Amino acid sequence: MSEFKNIYDAHLALKNKKISAKELCVEHIKVAKENKNNTFITLTEDFALEKAKKIDEKGINNHLDGIPFSLKDLFITKNIRTTAGSKMLYNYIPPYEGTTSDNLQDAGAVLIGKVGCDEFGMGSSNENTPFGPVNLPINNDYLPGGSSGASAVSVLEGSSLFSMGTDTGGSVRLPANFCGLVGYKPTYGRVSRYGQIAYASSLDQASPFAKTPLDIAMIMDSITKNDEKDSTQAPIGAMNSASKILNNTDKDLKMTIGIDRSMIEGCREDVRDSLNQSIKELEKKGVKFKDISLPHLKYSVAVYYVIATSEASSNLARFDGVHFGYSSKNGKDLEDSYALSRSIGFHEEVKRRVLLGTFCLSSGYSDEYYSHACKVRKLIYDDFQKAFKECDYVYSPVCATTAFRKDEILTPLQMYMNDLYTIPVNLAGLPSMAIPYGKSSLNSLPTGFQLIGNSFKDEELILDGHKVFEVLK
Amino acid sequence: MSNKYETVIGIEIHAQLNTKTKAWCNCELKINGFENHYVCEVCSAQPGTLPVVNKQAVEYALMLGLATDCNINKTSFYDRKNYFYPDLPKGYQITQFHTPICKDGSLDLIDENGVTKKIRIERIQLEEDTGKSTHYNDYSLVNLNRAGTPLVEIVTMPDFKTAKEVTNFLKKIQSILVYLDVSKGNLQDGNMRCDVNLSLMPKGSNTFGTRTEVKNLNSFRSVERAIAHEQSRQAQLLDKGEEVLQQTLLFDVDTGATRVLRTKSDADDYRYIPEPDLLALSVTEENIRKLKDNLPELPTDKVNRFVKDFKIPKYDAEVICSEKKLANYFEEACSLHSGNAYKKISNWVMVELLKLVNEAKADVETIKLTPKHLVELVELIESGKISGKIAKEIFVEVYDTGNYPSAIVKEKGLEQNSDSSEIEEIVKEIIKAHPKEVEELKSGRDRVMGFFVGQVMKKTQGKANPKITSDLVTKLLDL
Amino acid sequence: MSLNINKDLVLHISKLARIKITDDEVSEYEKNFKSIVEYIEKLKEVDTSNVEMLSNPMTLNLSYYEKELGVSRKQRQDEIRPSLNVKEVVKNAPDSKNNEFRIQSVIENS
């Protein structure tokens, strides 16, 4: 493992010429190639070394110059295989560059490779993929969570200093929580989705994993530029949060955090203890907690599975074996080939969600399910807006448990319920930071919580998240 | 068709917009270019791509809405229509299902008796065209140059009763599209297509029967034939007491019959969903006002202006204004003309010019006989330099060669003879040779005058001035 | 539960979604569907009269931003930019011929 714990440390070392970008890159590639955890789908060694060389020649200016990172394989990388963790795109070589990959490389970051995930981002365990499950490095009997599990693992195992995942219903915050990392889900519309393979377009958001909120700030500053190719991204320009953190001298935690205590009650005992401890400590440091009520959040999972699967059924229609992707030649006619290509190219969970979404949108059911779910979604959004009249942030568990054991077998519905606490944030389009805190008394695995901010309060949330993280360390 | 039934028809028109680029990406619109050379990651639906609205396409749809008296929705939405087809690479079409950009418009049709009928337009929505499949024996090839071409779909209320009304409406829409310069509006080239929804109901009833939809009609003739075929097919079914099924049909140009594409309810479940990749389309009062102020003159306004400024009959103005280029031609001619023989100009345009242009399927803008040529010709007649007969004769030559009428007249010596003494000699000869006709004329049979003028013309190869000739006959016979 | 999830419905949906499922899978999906749909049914207890649909949170956020910051939603100028090289367009196609995507015969119906 690299001697540098985070981006900022590595940046200082690079800047002071204690290490070269190439040396840093080689260190991380070495870990990646040991392949202890089945993290990577595609390694981009030559590409990375060449980039590192260029950075060394150019010198270190940006925070991300020479910083090794990985991308969830849902991010499009021009001329580098992009699989979405699916057999469907096993050999897909994108003819264009995605915005997030472009922005990060433009900022000087060095792409080490593409990491695994639940196929098309559908799952909470990183098991739903033909590329095989990924280990939780701290205890191989456990899984890192999903769908961006391998992204979290790449940071934890030391093959990357940060990683980009995507968060549709908790796919970054859940693995961050299970791995003891910081995961940040930006406001919907803060980061361009261009070049991010869509699962559920109105919920998906590119989201970074890193060791600290300061690192998150450095990443966010680089990926929030205005992108004319995504009409749903807010045209408000790049953030400038890292320098604000670095220049800030005010350590006071003058914030009011709303909390719906019934949410904590729903957690397993070890998690509950840890959460209560974090609240106590924050109160000690001057944070004001205020009881709030979010009455419609209990419907989140149901709303999510209607809306996300409906959108997915439409988003995944382009995978028909005509223009790209897996194609079966054995159909008796074109229609049959479509159905064969899709049933062989997609894994079980994807098929289940596409079928469910098709059902939710089909004639006769659409009003009852899809339209109704969108209305309950508005009520969830309104719950949060009401809360933000009384507090700056909302405190919430990330998951009722710690990481899942490999041998746990859950029904699809039980699996979906694990996202109970993360989903509301996506439905309301809010920013949220998963902050690690403490360890489970049951299995010593990481625990933590999330701080949810109001729409487009990303900068404030990252600054305050940094303060909270620092006092709890 | 038996006249037991009343026909109820509504139509849907798809028109490709005249933008430079596609609806959601910056690819050049060049449908007939080399296969797949006008395609990018967006219009080939590569994973991870997103659409961005073409501002121009939105403006064009708004202009059309304003020209057809629609209400503009200040906020409209895009939806996805989901279906699998190889020339639809996304697996869905982006359209406007729930809230279109324009709604509740209308257009007046004026029939040959001058009776006005209002056809209501239910909605105008923005959407996109598909790619194109070409079919071979054992495979098909897909070309995406056309995929993502911006379209407007105009949906009417079921206000038509006859095929004639439908084609008149189509022609009217076509001319509006061209006047606004928002679409080429050409049925034959496929940049405008028409679907016909038709049902029958017993005369006097006001409950609509089950309708069928005939898709993708690409000529006025096909529209008429398809309507006639559906009218008699449905009437026959109803006569036999059978049910008309709600079906989507295709019209076969070779047989003149329709065949079933699909029966509603089986595969026709489009699972509409709001397009999450595009935000609501918002239009401000100011946008609308600006567009309204800059709207080009529409056919109806031009007709009224021509009637007022050039004192031509409304019928003439309607014919001339039905085509923008023809109206421009006429107007240019009138502006070059120094007199006020506008009606003469309109006659020449409507009769002689249109005949030649239609025969040659030519473009009025590029023919050799320019407005300047036409005006010169009319003025030669007006000033008595040539006769109308001569003018008609040289018209074709001017059309074919582009030589000026005055030059042809001069070269061939076709100028009208107005020399009284020369004509007088000829008149005298004719009088002498036809004593019987002289008697008839003298006894008051005025029509015989034509005989004398004709004879003089024959003798002079049409060059004698007919007015001078008849005056001379009157004088010499002392009538 | 008001809805009757059965094999026919599952097969109908699989046809609509162009996903082939085997006979064994039908009953498995039927079982999954039943439990998930039963769970989703609980949404029906929420009164949503007079509630508007929220299909994309940016719709609400952007109207706020338009008012507060005067930013306008993104639209594209009608300017031509280069398309992809045709080889790039078809390079991922399972089958192609003369720069076009090749597929099994379809009966022309659109």
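View 1. Chain C has a radius of gyration (taken over C-alpha atoms) of 24 Å, whereas a compact globule of 110 residues would have one near 13 Å, by the rule of 2.2 Å times the number of residues to the power 0.38. Its C-alpha trace spans about 55 × 55 × 25 Å along the principal axes, and 34% of the 110 residues in chain C are buried, meaning that 20 or more other C-beta atoms, placed from the backbone, lie within 10 Å of the residue's own. Chain C holds four helices and two strands, which follow the pattern α-α-α-α-β-β along the sequence; helices (H or I, at least four residues) and strands (E, at least two) are DSSP runs, numbered from the N terminus.

**View 2. The contact between chain A and chain C.** Chain A brings 58 residues to this contact and chain C brings 43 residues, where two residues are in contact if their C-beta atoms, placed from the backbone, lie within 7 Å. Among the elements of chain A that each supply at least two residues to the side touching chain C are helix 11 (300–315) and helix 14 (367–387), and helix 14 of chain A gives the most, with eleven residues.

**View 3. The contact between chain B and chain A.** Here 26 residues of chain B are in contact with 35 residues of chain A.

Residues are numbered from 1 along each chain as its sequence is written, and chains are lettered from A in the order in which they are written. In this predicted model, local features need pLDDT of at least 70 and side-chain atom pairs count only at pLDDT 80 or more, while totals for chains, interfaces and linings use all residues.

How values were computed: A residue is buried if 20 or more other C-beta atoms lie within 10 Å of its own, exposed if 12 or fewer, and partly exposed in between; C-beta atoms are placed from the backbone.
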